[in-house]
Amino acid sequence: MASTAGEVRALLSSLRSAYAATPTKLKIIDLYVAYAICTALIQVIYMAIVGSFPFNAFLSGFLSSVGTAVLAVCLRMQVNPKNKEFKELPLERAFADFVLANLVLHLVIMNFLG
Amino acid sequence: METSMLQLLFVSSLLSLVPLSSCLSLSPLRSPHPRILVLLDDLALKSSHSSFFSSLSDRGYILDYKRASDPSLALKKFGEYFFDGLIVFSPTTEKFGGSVDAASIIDFVDSGRDLILAGDVGMSDVIRDIAYECGVDFEEEPDAVVLDHFNFVSAKSDIDHSLISADSFIASSVILGEAGIQAPVLFHGVAHSVPPANDMVIKVLTGSPTAYSANPRVHSKEPPTLTGSSVGLVSAIQARNNARVVIFGSLALFSNRYFTSPVKKHGGASSYEKSGNEQFVTELSKWVFHERGHLKAVNVHHHRIGETQEPSMYRITDNLEYSMEIYEWSVNGWLPYAGDDVQLQFYMMSPYVLKTLTHNGQGLYSTSFQVPDVYGVFQFKVEYNRLGYTSLSLSKQIPVRPFRHNDYERFIFAAYPYYSSCFSMMFGFFVFGLAFLYHK
């Protein structure tokens with residue numbers, strides 16, 4: 001018992017130290033993703049309490065949060081220098097794709113929001 | 001000269017614009033002198049039953065007396081009927097003359113015309129067939145009569161106790177008049193039975209609990225099959241096409257002798273100077289020939305409250321109002337009907353709304369309700385079937401639609417969290433973009 005608790009604590013501390021080594025740019029992206037997921041969770045809890053009456057509004061809000069989270073994750077993957085897959089992709093190109101995708105997403109969201 | 005002519009023209013044009021009251025604008029139910037064919041076995045019935053016939057002709061009916069075997073008999077020619085009503089007082093006729101037979105009499109009733117049929121002791125199969133088609137089964141045993149050893153009227157000619165006094169009337173003021181029959185009815189004839197599954201036949205006069213149907217000359221080993229209140233003496237049928245038929249088991253019921261006879265039941269305490277036969281027969285003839293109880297529903301309107309035009313479609317949770325007019329035919333024309341139990345159904349496979357219509361005393365029935373929160377194709381249904389009255393069956397189809405996109409309020413209060421989350425995501429994206437680009 002004590003050993004598993006100790007193992008978990010060791011695991012968490014090694015995670016924290018590894019995470020501290022990530023570049024700040026990626027940490028900003030992670031913060032943004034966490035913010036988006038939090039708003040998505042808040043909306044789901046609200047819908048569970050109140051009911052899904054304007055269902056299109058719920059879908060719109062939920063998908064805007066989840067959509068930006070997904071796009072931010074994509075940006076993080078493309079920007080991460082350790083990622084071999086996107087080695088020759090310039091940072092500006094990745095950010096431009098991110099901005100365009102977000103524009104389309106928010107256009108759709110505003111239309112569906114009613 | 002010219003000014004007076006102009007004034008006349010002006011006044012007459014004004015008068016033509018004045019709307020007639022709605023009951024006047026309804027066409028009358030029938031001509032004021034309906035023609036009735038009376039089929040008799042023996043023309044002596046004209047004099048022995050003259051009170052009954054004169055009561056009919058005094059009310060404006062034109063009676064045409066013919067022998068039942070007359071070869072020139074015809075009910076219709078080239079599809080047009082000559083008569084509005086038929087009285088068959090020929091119980092022993094085996095075969096009708098001319099083009100009349102059981103089938104043509106049933107066709108007569110099917111066309112919406114009325115029939116009074118009288119059976120009696122020794123009735124023929126033709127009469128039995130006509131009665132059977134109408135839902136009334138006469139007693140099969142040929143010599144059986146209705147006997148009642150407790151409610152008979154003692155007469156020298158009658159030792160079998162087959163001349164009975166009957167007072168088990170149906171309680172219906174439409175059929176038997178407001179006052180009710182004041183004295184028992186004298187009856188001497190054949191019983192009939194009505195199958196219990198038949199719900200269109202009205203048992204107007206039945207036997208007392210001690211009445212039964214049997215042949216008095218034959219000593220039978222089994223108890224009689226028809227006893228008590230299942231012994232039908234007079235039955236009425238209001239057909240689905242609103243034709244009315246009344247079937248009597250006794251022809252003597254209509255005779256002048258029975259009309260004027262006193263009724264003193266054997267061993268009974270009360271005695272009546274005059275039997276109820278005349279009143280009974282008069283009231284029934286009024287009902288049969290539609291002088292009472294014939295309803296007509298007109299002018300069905302529905303609209304949203306606050307509007308006057310009838311829309312082609314309603315929306316859920318609309319408030320609407322429904323109105324209609326019901327009139328009853330009487331000798332003075334169509335009079336407003338005052339009924340407290342006319343109900344309206346808002347029906348789609350089952351009634352979602354069931355409301356009792358209220359009337360204003362002039363025959364205008366109305367109610368208002370809110371359309372239920374279900375969309376589909378509904379019907380405004382009024383089904384009115386009351387004993388002795390013609391049946392009213394109206395239905396008007398109307399679709400009901402759900403809310404359109406712009407029937408909702410512009411910004412729904414319940415969706416404010418979603419609106420705010422969308423805008424916060426957009427704002428967050430903007431802030432993140434700045435942070436990501438300009439971070440050192």
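Across the interface of chain B and chain A, zero salt bridges are found (side-chain nitrogen of Lys or Arg within 4 Å of a carboxyl oxygen of Asp or Glu). Polar contacts link five residue pairs between the two chains, both residues at pLDDT 80 or more. A polar contact is a pair of N or O atoms within 3.5 Å; within protein, one must be able to donate a hydrogen and the other to accept it, and residues adjacent in sequence count only if both atoms are side-chain atoms.

This is a predicted model: local features need pLDDT of at least 70, side-chain atom pairs count only at pLDDT 80 or more, and totals for chains, interfaces and linings use all residues. Residues are numbered from 1 along each chain as its sequence is written, chains are lettered from A in the order in which they are written, and side-chain values use heavy atoms, without hydrogens and water.

## Interface composition

On chain B, 22 residues are in contact with 32 residues of chain A (heavy atoms within 4.5 Å). B:Tyr418, B:Met425 and B:Phe436 lose the most area on the chain B side, together 32% of what that side buries. By class, the chain B side has 16 nonpolar, five polar and one charged residues.

The two chains bury about 2,500 Å² between them, 79% of it on carbon and sulfur atoms. Buried area is the accessible area (1.4 Å probe) lost on being put together, summed over both parts.

## Annotated segment

An unreviewed UniProt entry annotates residues 416-438 of chain B as "transmembrane region". That segment is 100% helix and 0% strand by DSSP runs (helices H or I, at least four residues; strands E, at least two). Its end C-alpha atoms are 33 Å apart.

Note on methods
Nonpolar A, V, L, I, M, F, W, Y, C, P; charged D, E, K, R; others polar. UniProt positions renumbered as here; feature names shortened; annotations may be inferred.
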